[in-house]
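Dear colleague,

I am passing on the structure that we spoke about, and it is placed just below. My notes on what was found in it follow, and I would be glad if you read them with the model open beside you.

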Amino acid sequence: MTRVLEDRLNALQRIYDIYDEVLASRELACHRGCDACCTANVTLTTLEALGIVAGLGDAAEAVLASLAAAPDPRRFRPRTGINSIAAMALDGEALPEEEADPAAGPCPLLHNRCCPIYPLRPFACRCMVSTRPCGAVGYATIDDFLITVNTVFQQVIEDLDAAGATGNLSDLLPLLGRPDFKEAYGRGQLDPVPMNLASNRRMPALMVPPEQRERMAPIIERLRQIKRSS
Ligand code: SF4
Ligand code: SF4
């Protein structure tokens, strides 16, 4: 792996660590074995997928095989990254309507109601939290501030991987397991970006509502420090 990618993976881990600190003070209903949020719709960036494959080491082959077995055809495949959506919003353009199918099946990695890659899981899994058990109401309950926090972290994670792409776990993890794709990604040459993936881009601005700017400021400053040092 190139030094640049290693540095980016270190920066990604620091972003995850800050997010964990943000969540630490919150009362959440989430617990081990609670898996209603583990669906086939989970997405991630190429850098996150690279981190998972690298972190799995020798276990990667078995995990990738379980993904290749029967990918859910209803799985969410994003066509637009969060920073492209931010750019459209800034330009006053109509935003794309992309919705995940709630009928998509469980995450193909889920095994005995537990996640086999839990310490390595992507941000989309980390930010799926709820103050009430989702099973009772059928959806997660989080406040507006955490929605903004999640959006900002998503933007920063895409920005860190601006030459990469975003896609569904079942599509992207196997790609990062392929030496030719990994090599092209390492050279920053994902051109054209494979079908079923959305191109990443730098963030044009952070999407923070005016009433939340003061509360978000210390979190954003910590994220900026990572960007400055990476
Ligand atoms: S987000 Fe909902 S389903 Fe997922 S762990 Fe938390 S309470 Fe359980
Ligand atoms: S990767 Fe793990 S945490 Fe994420 S949806 Fe799949 S089983 Fe759940």
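**The surroundings of the two ligands**

The shell around ligand 2 is made up, by class, of eight nonpolar residues, no polar residue and one charged residue, where Ala, Val, Leu, Ile, Met, Phe, Trp, Tyr, Cys and Pro count as nonpolar, Asp, Glu, Lys and Arg as charged, and the others, Gly among them, as polar. The residues that surround ligand 2 are C38, V42, C107, L109, L110, C115, I117, R121 and C125, a residue being near a molecule if its C-beta atom, placed from the backbone, lies within 6 Å of it.

Before going further, please note that this is a predicted model, in which local features need pLDDT of at least 70 and side-chain atom pairs count only at pLDDT 80 or more, while totals for chains, interfaces and linings use all residues. Residues are numbered from 1 along each chain as its sequence is written, and chains are lettered from A and ligands numbered from 1 in the order in which they are written.

Around ligand 1 lie A29, C30, C34, A36, C37, M128, V129, S130, P133, C134 and A140. This shell divides into 10 nonpolar residues, one polar residue and no charged residue.

**The fold as a whole**

The protein has 10 helices and three strands, helices (H or I, at least four residues) and strands (E, at least two) being DSSP runs numbered from the N terminus. Read from the N terminus on, the elements run α-β-α-α-α-α-α-α-β-α-α-β-α. The C-alpha trace spans about 45 × 40 × 35 Å along its principal axes. For 230 residues, a compact globule would have a radius of gyration near 17 Å, and the 17 Å of the protein agrees with this; the radius is taken over C-alpha atoms, and the globule rule is 2.2 Å times the number of residues to the power 0.38.

Of the 230 residues, 31% count as buried, which requires 20 or more other C-beta atoms within 10 Å of the residue's own, whereas 12 or fewer make it exposed and a count in between makes it partly exposed, with C-beta atoms placed from the backbone. Among contacts between residues at least 6 apart in sequence, 87% join residues at least 24 apart, a contact meaning that the two C-beta atoms, placed from the backbone, lie within 7 Å.

**Sheet and helices**

The three strands form an open sheet in the order 1-2-3, with antiparallel pairing. Strand 1 (43-45) and strand 3 (198-199) stand at the edges with a single partner strand each, so one side of each has no neighbour in the sheet. Strand 1 is joined to strand 2 (residues 165-168) by three bridges, and strand 2 pairs with strand 3 over two bridges, pairing being assigned if DSSP finds at least two bridges between the strands.

Helix 2 (residues 46-56) has eight of its 11 residues buried, so it is largely enclosed by the rest of the structure. The buried residues in helix 2 are T46, L47, E48, A49, L50, G51, I52 and V53. Helix 2 is followed by G57, whose phi is positive, near 60°.

**The loop between helix 4 and helix 5**

I117, which was listed above in the shell of ligand 2, is found in the loop between helix 4 (82-90) and helix 5 (123-126). I117 is partly exposed, with 19 other C-beta atoms within 10 Å, and, not counting residues up to four places away in sequence, it touches I52, L56, V63 and L109.

Most residues other than glycine have a negative phi. In the loop between helix 4 and helix 5, N112 has a positive phi of about 50° although it is not a glycine, and R113, in that loop too, has a positive phi near 65°. N112 is exposed, with 7 other C-beta atoms within 10 Å, and R113 is exposed, with 11.

With kind regards
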